[in-house]
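Work through the exercises below with the sequence and the model in view. Each task is followed by its solution.

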Amino acid sequence: MLDFTFHNPTRIIFGKDAQGQVGKETRAMGKKALLHYGGGSAVRSGLLDQVKASLTEAGVDFVELGGVQPNPVLSLVEKGIALCQQEDVDCILAVGGGSVIDSAKAIGVGVAMNEDIWPCFLGQKKVTATIPVGSVLTIPAAGSESSVSCVITNEDGWFKRGINSPIILPVFACINPQLTFTLPPYQVGCGCTDILAHMMERYFTNTKNVDVSDRMLEGIMRSVLLNAPITYQNPKDYDSRAEICWAGTLAHNTLLDRGRIGDWASHGIEMEISGIYDIAHGAGLAIIFPAWMRYVYRHNIPRFLQFATRVMDVDMAMDDPDAIILESIRRLENFYRSIGMPVRLSEVEIGDDRLREMAEKTVVHLGGTRGNLIPLTADDIEAIYRLAL
Ligand code: NZQ
Ligand code: ZN
């Protein structure tokens, strides 16, 4: 196990009336908030009105900026920064999913740093400050509600890039599983896939002697494999939705990767897809992760065998590790299919015309390789895209 520090101060308010606390929690961050939301689901469900009532009751003044689209873009972030500066806003409340929360995080950094923030996304400048950000979560998926990450797409070149810094950890997150009942099944599938992927990225490591985090990851991954099909089939089943919501937060709040180095190539490879094409991040991961596993598993057979036996319950003669691992990948694909996910690029009508361009973009700002289990070059990544066709 490697040396580490663990500190995740995001306060999680979880349960059936979590959003009722939002006024009080926001007031603790400041007097005037930017109320940031997406394309309309929070308006249609009545959640936004509830949030506004709670803010008003707590004495929080607010200005609004809606219209965050899935895979949020830099131009709206810049609009939000200008609005916050003009209105003298001192905190941000995001009502939505990963896209809204990420947009809020980027605005928070832009307001506090008061300079061009895109170089931070290219790793050319450090994130040094933010104004406080809190959220009411409406989809269990990205884990942004208590993560150190923020992913934004720059329309100039369609680069989808992230920043990672403890500075951007949100102050609080209100998580009421009932608020997710209105999600379309496809978004439920995408969310569950992303949650599982956050744990698989951490699980596939070369770091030795990480039994505690292995066991935690295996336990929560198994819970997602169990509860995702139930929640996909029964949108109003509170119990399975609650398990998925809590798994989504834990999967990405940095607890599960303390003392180990995760891989993260699949996320990088996927982001080129959802940065260019109109496809959800989760759906892209369901396509890329099995292809990545097939391409790299020979570099760490024991780790992939452990995944196959402990997580995917493959119970075959141990003298054929390849067969065991390939069976686990097939089971993973069947799981994705059971929650409505595509598992090939052709299923989402992506052909081979831009694969080389995407492969090169994946490594361009990272010194030529991506991933830690085995650093992948653009050639490797193109081969993975081709396996996913
Ligand atoms: O915009 P609205 O109308 O709200 O609709 C959204 C959106 O279309 C809808 N939705 C959300 N809650 C709903 C709902 N519809 C009905 N009822 C509800 N309760 O769902 C759609 C997807 O929302 P989005 O916020 O895009 O989903 P998600 O949470 O999966 O976020 C995806 C983004 O997060 C990034 C992804 O790359 C992607 O850009 N990620 C962020 C991470 C982080 N900050 O830590 C890590 C992740 O790996 C990921 O990269
Ligand atoms: Zn993700």
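Donors are N, O and S atoms within 2.8 Å of the metal (3.2 Å for Na, K and Ca); water is not among the atoms, so sites may look incomplete. The model is predicted: local features need pLDDT of at least 70, side-chain atom pairs count only at pLDDT 80 or more, and totals for chains, interfaces and linings use all residues. Residues are numbered from 1 along each chain as its sequence is written, and side-chain values use heavy atoms, without hydrogens and water.

**Exercise 1.** Find the protein donors of the zinc ion (ligand 2) and give their spacing in sequence.

Step 1. The donors are Asp194 (OD), His198 (NE2), His267 (NE2) and His281 (NE2), at 2.0 to 2.2 Å from the zinc ion.
Step 2. Their spacing in sequence reads D-x3-H-x68-H-x13-H.
Step 3. Asp194 and His198 sit four residues apart in helix H7, about one turn of the helix; helices are DSSP runs (H or I, at least four residues) and strands likewise (E, at least two), numbered from the N terminus.

**Exercise 2.** Are Asp194 and His198 buried or exposed?

Step 1. Buried means under 20% relative accessible area, exposed over 50%, and partly exposed in between (1.4 Å probe, protein chains only).
Step 2. Asp194 has 3%, so Asp194 is buried.
Step 3. His198 has 2%, so His198 is buried too.

**Exercise 3.** Which polar side-chain atoms lie 2.7 Å from an oxygen atom of ligand 1?

Step 1. A polar contact is a pair of N or O atoms within 3.5 Å.
Step 2. Ser147 supplies one such atom, and His198 supplies another.
Step 3. The protein covers 89% of the 960 Å² of accessible area that ligand 1 has on its own (Shrake-Rupley method, 1.4 Å probe).

Definitions and conventions. Chains are lettered from A and ligands numbered from 1 in the order in which they are written. A polar contact is a pair of N or O atoms within 3.5 Å; within protein, one must be able to donate a hydrogen and the other to accept it, and residues adjacent in sequence count only if both atoms are side-chain atoms.
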